[in-house]
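Hi,

Here is the structure I promised to pass on. Have a look at it first, and then read on for what turned up.

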Amino acid sequence: MPGPASGTEVDKATLLETLRKGEEAFLKSVAGLSETTCRLRSAEDRWSVLECAEHVAVAEEVMLGLVTGERKPRNAEEPRRDGRILRSGIDRSTRFNASAQSRPRGRFSTLAEAVAHFRAVRERTLRLVEETSEDLRATEVTHPHPVVGVISTYECLLLMGSHAQRHALQIEEVIGEIKSSPAYRSGART
């Protein structure tokens with residue numbers, strides 16, 4: 001009979017679940033959208049679905065770079081903020097400015113390209129978590145998060161999962177707003 005799972009094994013399972021849940025939510029939010037619809041904006045100050053997808057794909061790559069790049073040892077006494085990161089990562093009641101490097105700039109010409117890029121980077125992220133034997137709470141990334149400050153490698157990976165979920169919700173909001181617009185209802189749906 002196997003013994004109880006170690007904290008690292010439990011952490012790994014939680015990360016994999018969060019990352020897969022975020023991936024599933026994001027992919028579901030963009031499934032079946034036409035290239036025309038994904039370029040529409042519900043308002044001048046809102047991103048299109050394609051811009052959201054670009055941001056998600058690029059932010060995923062940036063965060064994976066933080067996780068696989070140079071990291072510092074983390075003080076074991078630092079508080080665990082897993083719940084806060086998961087809640088704030090998904091909570092759409094507060095808007096945040098995207099970092100300059102992850103703002104949409106037209107990097108992908110189609111939604112399919114942005115989604116493929118996201119999937120490729122997420123696959124690398126999942127593989128990293130699956131294969132690591134490292135205690136991901138023992139190190140921190142070198143870039144502070146704008147809401148919670150300096151984060152552990154583990155927290156950064158949690159954020160990657162919740163970030164994709166956050167923007168899946170944003171995409172659903174944008175699509176709902178677009179579909180309720182008079183222009184869309186009068187025939188601009190192709």
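To start with the fold: the chain has seven helices and two strands. Going from the N terminus, the order of the elements is α-α-α-β-α-α-β-α-α. Please keep in mind that this is a predicted model.

Now the overall shape. The radius of gyration is 18 Å, which agrees with the value near 16 Å that a compact globule of 190 residues would have. Along the principal axes, the C-alpha atoms take up a box of roughly 60 × 40 × 25 Å. Buried residues make up 44% of the 190 in the chain. The exposed surface comes to about 10100 Å², with 52% of that supplied by carbon and sulfur atoms. As for contacts between residues at least 6 apart in sequence, 85% of them join residues at least 24 apart.

A few residues deserve a visit of their own.

Glutamate 54

You'll find glutamate 54 in helix α3, which covers residues 49–68. Its relative accessible area is 3%, under the 20% limit, so glutamate 54 counts as buried. What does its side chain reach? Another is the side chain of arginine 107, in a polar contact of 2.6 Å. Setting aside residues up to four places away in sequence, glutamate 54 touches Arg103, Pro104, Arg105, Gly106, Arg107, Phe108 and Ala114.

Arginine 103

Arginine 103, one of the residues that glutamate 54 touches, sits in the loop between α4 (82–90) and α5 (111–131). Beyond its neighbours within four places in sequence, arginine 103 is in contact with Glu54 and Ala98. If you want a sense of distance, glycine 161 is 58 residues from arginine 103 in sequence, and their C-alpha atoms are 18 Å apart in space.

Arginine 137

Next, go to the loop between α5 and β2 (139–140), where arginine 137 has its place. With a relative accessibility of 12%, arginine 137 counts as buried. Its side chain makes a polar contact of 2.8 Å with the side chain of aspartate 11. Arginine 137 also lies over the face of tyrosine 154, 3.9 Å from the ring centre. Leaving out neighbours within four places in sequence, the contacts of arginine 137 are Asp11, Arg74, Arg80, Asp82, Ser152 and Tyr154. While we are on rings, a search of the whole structure turned up one aromatic pair.

Glutamate 155

Last stop: glutamate 155, in helix α6 (residues 153–179). Glutamate 155 is buried too, with a relative accessible area of 2%. Residues up to four places away in sequence aside, glutamate 155 touches Arg74, Pro79, Arg80, Arg81, Asp82, Ile85 and Val150. Leucine 15 is 140 residues from glutamate 155 in sequence, yet the C-alpha atoms of the two are 9.1 Å apart in space.

Cheers

Key. Residues are numbered from 1 along each chain as its sequence is written. This is a predicted model: local features need pLDDT of at least 70, side-chain atom pairs count only at pLDDT 80 or more; totals for chains, interfaces and linings use all residues. Side-chain values use heavy atoms; hydrogens and water are left out. Rings of Phe, Tyr and Trp (its six-membered ring) pair if their centres lie within 6.5 Å; planes under 30 degrees apart count as stacked, over 60 as edge-to-face and the rest as tilted. A charge sits over a ring if NZ of Lys or CZ of Arg is within 6 Å of the ring centre and within 35 degrees of the ring normal. Helices (H or I, at least four residues) and strands (E, at least two) are DSSP runs, numbered from the N terminus. The radius of gyration is taken over C-alpha atoms; the globule rule is 2.2 Å times the number of residues to the power 0.38. Buried means under 20% relative accessible area, exposed over 50%, partly exposed in between (1.4 Å probe, protein chains only). Contact means heavy atoms within 4.5 Å. Accessible areas come from the Shrake-Rupley method with a 1.4 Å probe; for residues, only the protein chains shown count as cover. A polar contact is a pair of N or O atoms within 3.5 Å; within protein, one must be able to donate a hydrogen and the other to accept it, and residues adjacent in sequence count only if both atoms are side-chain atoms.
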